[in-house]
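Reader: Could you walk me through this model before I set anything up with it?
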Amino acid sequence: MENFTDKTIKTDKNLTLPVLAVRGLVFFPGMMLQFDITRKKSVLAVTESIPRDRLIFLVSQTHMSDEEPVGDDLYKVGVIARIKQVLHHSEDGAKLHVEGLCRGEIMSLVQEDPYLLGNIVKCPVMTYKKSYRSEALIRIVHEKFDEYLRLFRHVPPDVLLGVLQEKDCGRLADYIASNISIDFERKQFILDELRPLKRMQKLIAVLTEEIQILQVENEINQKAQAQIDENQREYFLKEQLRAITSELGEDDNPQQEADELKLRVLSMELPAVCEEKLLKECEKLYRMPFGSHEGSVIRLYLETCLELPWRKSSKEKLDLKRAQKVLDKDHYGMVKVKERFIETLAVKSLSSAQSGQIICLVGPPGVGKTSIARSIARATGRKYVRVSLGGVSDEAEIMGHRKTYVGSMPGRVINAVKQAGVNNPLILLDEIDKLGTNFKGDPASALLEVLDPEQNGEFTDHYIDLPFDLSQVLFITTANDAARIPGPLYDRMDIIELGSYTLEEKLNIAVKHLVKKQLEKHGIKSSQLKFTKPALRLLIEGYTREAGVRTLERHIAAVCRKVAKQIVTDEDFESRTIRPEDLEELLGPRKYTRDNTSKEDLVGLVNGLAWTSVGGELLPIEVAVMEGTGKIQLTGSLGDVMKESANAAITCIRTRVNSLGISPKFYEKCDIHLHAPEGAVPKDGPSAGTAMATAITSALCGIPVRHDVAMTGEITLQGRVLPIGGLKEKAMAAYKNGVRTVLIPADNVPDLADVDEVVKEHVQFVPVKRVDTVLEHALTYMPRPLPQEAPLLQAELGQTPATGYACEGNSQNRSVQ
């Protein structure tokens, strides 16, 4: 090893030298090294050192990631070095050959731009007195270095010779530290020490630690090498087996497939439980003979599991403005639904760990429940999958079949995730209220785990038999009748009701969406066919009677088909505008009139209100009183609850005969016939009680009922009016049929907040608590009280109310709940 001194440095103790910061390197006195410099400051520092007797201060920076280090980013102790040679190999870089002269300490930086210039103090060269201690330290270092060489064989032989020749403790410690493979921080730890004997002790500690690390590393390498040898042996045997099976004509062998599937399992980084089970299945497949039936079952199971998106997710878009724009573009109205999902996105943008409630959209057919779910998927950037649950009565359809059964498969939920290809799609569970139940199980109960945010993080399908995380899936369910959803399932969902559309809403939907959609579907240009707003208004009022817009869309499609025929057959066709007078030619006579109520006040005829799964409807109640023996006849496909409500209404009237001017003996000498038109349509529920009581009173007293009044409410024997359900739909039905006043139970007043503003502008809602108030508003005038011992009134003689009333409506089951 070359002896060096710092005599060639000027005798001044304090120097002002360019500073060169190096990354990952530590220089020692006497060290000769070549390295590249690329930073602009470093090149300028080297250039500036040439006229300064080629002296430069080399110091390591504390963090390798710093691109422009300053004073606090540099170690204090470095090496004053002389530049031997500079080779500029490019405009922005150079190769530098330097020699370390002595230790130095940076006291302060004079400048930082355009290069580092610092005040450097030469560190004193401290001497020591040779003793037994110094000799012992040298021997210990030699032993440690020899042990290091046995474990780390990449040290050149001339380094070993240099170690043996050096007898000075300080220079020996520097020489060994500069030539062993340790990180720069531990080298700096030795460079910082100025006392030679203390430096040797630090070197011994570093060598001891490095030897222990190398021993562990060698043990790991030996085990890995043994494993590699075993794997090579196994690979060799498998290759021989493949060659044998190829000669026998059995190229498609389970062993090869098992190996391929095993590699796929290992590459997917599955959870530990899943990976362990699938690897066991691979081992089973490996041991299966060629052509085994069980082997095909295992193979199908493994392929199904590996096709699931265990860790593959799509990036969810949380831009609220963009989502609102997409939802508004696709759908008119639906303010509550849109607001609910914008709130969900806002929560997700604040907390990624938030697991929201399951949304259930409840409303009549055709109001856009399915299409709004598709728009939500597009607005959030999620994959969309629809799962139809209508008529599903087998629990295995949800939870899957055990793979041991012939023809077994995963359930619909796992299949939907597999179809989406990501683990965070939007899955629409359509018609959840139409799930069936039989001896095969209850699918509604099977959905409890799927739709519970606290449980679906480890959903286990019977076929997969592994926990799959469904917590990232956005579930949306739809239903027509929330009452048919089982209680535990209903409790897990956030219900959002979508009511019937008003005329104005239907008109806007037709103009903005339906016409454009059907023109595109039928290949007709917008310049070839146009609908005027009066024509669309007549189409809505005269040809459809529905809560949604499906029938309206079908009629628009029918017009498009007829015009398409005209375009093809008529060579002179240019364009056509559909006006109201054209609809009868294209679609036939008008089917419905705008006002479905009677035009005059009639005796014994009351406008009731009914709720159905397809929206609200007007439910006329007719009562006829005739001479007889006190028989009560109820017709019109009335259910048990509705029949009981009719009997309660009659009893309620009997308790008020004197105040209503009715003979107390009417129930003995008069027959009462109560009828709900459209007798083929089943009707049930208690909310027609007030309408029945009013119709009976009108028929017995011979007083007409106001034709512009409708009512709903359950009645008790004492004449109290109890709250009902479905007020929003019933109010819409009254509005569509031209009713101006609706009598509602007083307890239902809070439900008016959900009624559309258009309905509240055109309909007056009168809250009532007792049947007496109902009669005051419904009858054209109130009857006079019956005096004591008065003869029978005309009602007792069987006054017959007006007849000939016909109610048109759909054929859906009615519920006057």
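Reader: Fine, what should I know about the source and the numbering first?
Author: This is a predicted model, in which local features need pLDDT of at least 70 and side-chain atom pairs count only at pLDDT 80 or more, while totals for chains, interfaces and linings use all residues. Residues are numbered from 1 along each chain as its sequence is written, and side-chain values use heavy atoms, with hydrogens and water left out.

Reader: OK, what is the strand order in the open sheet of 5 strands?
Author: The order is β8-β9-β12-β7-β13, with parallel pairing, where strands are DSSP runs of E with at least two residues, helices are runs of H or I with at least four, and both are numbered from the N terminus. Two strands count as paired if DSSP finds at least two bridges between them. The edge strands, each pairing on one side only, are β8 (384-388) and β13 (493-497), and from one strand to the next the twist averages 25°.

Reader: Which helix packs on that sheet?
Author: Helix α11 (residues 335-350) does, touching β7 (358-362), β12 and β13, and its direction makes about 145° with that of β13. Contact here means heavy atoms within 4.5 Å, and angles run from 0 to 180 degrees between N-to-C directions, with axes fitted to C-alpha atoms, for helices over the stretch in contact.

Reader: And how many bridges are there between β9 and β12?
Author: Strand β9 (residues 426-430) pairs with strand β12 (residues 474-479) over 4 bridges in the parallel sense, and I427 stands opposite F475 in β12.

Reader: Switching to pockets, what volume does the largest one have?
Author: Its volume is about 860 Å³, taken as the space filled by probe spheres set on grid points that are joined across faces, edges and corners. On a 1 Å grid over the protein atoms alone, a pocket is an open set of points where a 1.4 Å probe fits, with protein on both sides within 12 Å along at least five of seven lines, and lining residues have an atom within 4 Å of a point.

Reader: Which residues are closest to its centre?
Author: Of the 30 residues that line the largest pocket, the closest to its centre are D330, H331, S371, R374 and K517. Helix α17 gives the most to the lining, with 7 residues, and by class the lining has 7 nonpolar, 8 polar and 15 charged residues. Asp, Glu, Lys and Arg count as charged, Ala, Val, Leu, Ile, Met, Phe, Trp, Tyr, Cys and Pro as nonpolar, and the others, Gly among them, as polar.

Reader: Is E193 buried or exposed?
Author: E193 counts as buried at 8% relative accessibility, given that buried means under 20% relative accessible area, exposed over 50% and partly exposed in between, with a 1.4 Å probe and protein chains only. E193 lies in the loop between α5 (184-191) and α6 (196-247), and, not counting residues up to four places away in sequence, E193 touches R103, K198, R199 and K202.

Reader: What about S645, where is that?
Author: S645 is in helix α21 (residues 640-654) and is buried, with a relative accessible area of 7%. Leaving out residues up to four places away in sequence, S645 touches P686, A688, G689 and M692.

Reader: Last one: which residues does a cis peptide bond join?
Author: A cis peptide bond joins D113 and P114, with omega about 0°, and P114 lies in the loop between β5 (93-111) and β6 (117-122).
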